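Here's a protein chain to explore together. Have a look at it first, and then we'll walk through some of its details.

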Amino acid sequence: IRFVQAANADLVQDIIRYNNSQNQIKPSDFRSGDPHQERLRKEFKDIPDSTYLGARRGGADDRARKPSNLISSDTAAQALAAFHQDPGTAYHDLRSIWERDDVYSRYFSDHTDAQHIVFCYSLWQSIAQTKATLSAISITDQTSDDKEALDFLRRRGSLYLLLAAIGGSAEIYLGRALTDTFSLSFGQAVSPAVAVDYWTPLVDALLPLAPSQLASVFDSG
């Protein structure tokens, strides 16, 4: 056992962050006591068939009994960032969402509620499930459209890029102006699994456009 006495709070956090190799500290751990995460954990109790730990990993028993309906805090953060038009941060710089106050506050604030997290997270899941479904088709049975879509979805960061594109097109498929995209949701009574089913027809409709409309992003690095 090693004891360190320090009056500087920042130093204490640095010691925790960089000196704990046996039980590695995740960036999200430092937000587990944040008021927004506390509020979101309470709100998720009213969302059917969902578990959100709000950047808190829980004890050993919690990890051993990882619920099948768990919404990963990291994936939720990435889905929020991508939906709100920052797929680069979602894919390349997840740490900054948890570690930098200016980035964290963009996606976790008083405007962020459990219903909106389900809205964004389920879109990511719908895209991921669509990729899995296409991947399960044997090569001999894949159509040219299937192959083109899979080629796109296998590019690094493509899931977040497509999520951002669908999020950025919300006014088109909703047919109305949006002043606050954080207000979008399927309602409190919709579980993440049902929300995925709501998104899938739209993902299926828009995915064929992705290779021609979005692929140039990869060319620029």
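## Starting at S144

S144 is exposed, with a relative accessible area of 60%. Here, exposed means over 50% relative accessible area, buried means under 20%, and partly exposed is anything in between (1.4 Å probe, protein chains only). You'll find S144 in helix α9. Now look for V4, which is 140 residues away from S144 along the chain: the C-alpha atoms of these two residues are 62 Å apart.

Before going on, a word about what you're looking at. This is a predicted model, where local features need pLDDT of at least 70 and side-chain atom pairs count only at pLDDT 80 or more, while totals for chains, interfaces and linings use all residues. Residues are numbered from 1 along each chain as its sequence is written, and side-chain values use heavy atoms, with hydrogens and water left out.

## The whole chain

The protein chain has 14 helices and two strands. Both kinds are DSSP runs numbered from the N terminus: helices are H or I with at least four residues, and strands are E with at least two. Along its principal axes, the C-alpha trace spans about 65 × 35 × 35 Å.

Of the 221 residues in the chain, 39% are buried. The chain exposes about 12600 Å², and carbon and sulfur atoms supply 49% of that; the areas come from the Shrake-Rupley method with a 1.4 Å probe, and for residues, only the protein chains shown count as cover. What about contacts, meaning heavy atoms within 4.5 Å? Among those between residues at least 6 apart in sequence, 67% join residues at least 24 apart.

## The nonpolar core

A nonpolar core is a set of buried Ala, Val, Leu, Ile, Met, Phe, Trp, Tyr and Cys residues joined through side-chain atoms within 4.5 Å. The largest one here has 51 residues, and F108, I127, F152 and L162 have the most contacts inside it. Helix α8 (residues 114-135) gives the most to this core, with 10 residues.

Leaving aside residues up to four places away in sequence, I127 touches L153, L159, L162, L163, I166 and V203.

## Rings that pair up

How many aromatic pairs does a search of the whole structure find? There are 12. Rings of Phe, Tyr and Trp (its six-membered ring) pair if their centres lie within 6.5 Å; planes under 30 degrees apart count as stacked, over 60 as edge-to-face and the rest as tilted. F152 and F218 make an edge-to-face pair, 5.8 Å centre to centre with 65° between the planes. This pair links distant parts of the chain, with F152 in helix α9 (residues 144-153) and F218 in helix α14 (residues 216-219), 66 residues apart. Both F152 and F218 are buried.

Y173 and W199 are also edge-to-face, at 6.4 Å centre to centre and 90° between the planes. Y173 lies in helix α11 (residues 170-174) and W199 in helix α12 (residues 192-206), so the pair ties together parts that are 26 residues apart in sequence. Y173 counts as partly exposed because its relative accessibility is 28%, whereas W199, at 3%, counts as buried. Y173 and W199 also belong to one aromatic cluster with F83, F119, F186 and Y198.

## Helix α4 and its ends

Is helix α4 (residues 73-83) mostly covered or mostly open? Mostly covered: 11 of its 11 residues are buried.

Just after α4 comes Q85, with a positive phi of about 70°. Most residues other than glycine have a negative phi. Q85 sits in the loop between α4 and α5 (87-92), and it counts as partly exposed because its relative accessibility is 46%. D49, in the loop between α2 and β1 (51-52), has a positive phi too, near 50°.

## A buried arginine

Why does R41 count as buried? Because its relative accessibility is 8%. R41 is in helix α2 (residues 35-44), and its contacts beyond four places away in sequence are S32, Y52, L53, G54 and R56.

Terms used. Contact = heavy atoms within 4.5 Å.
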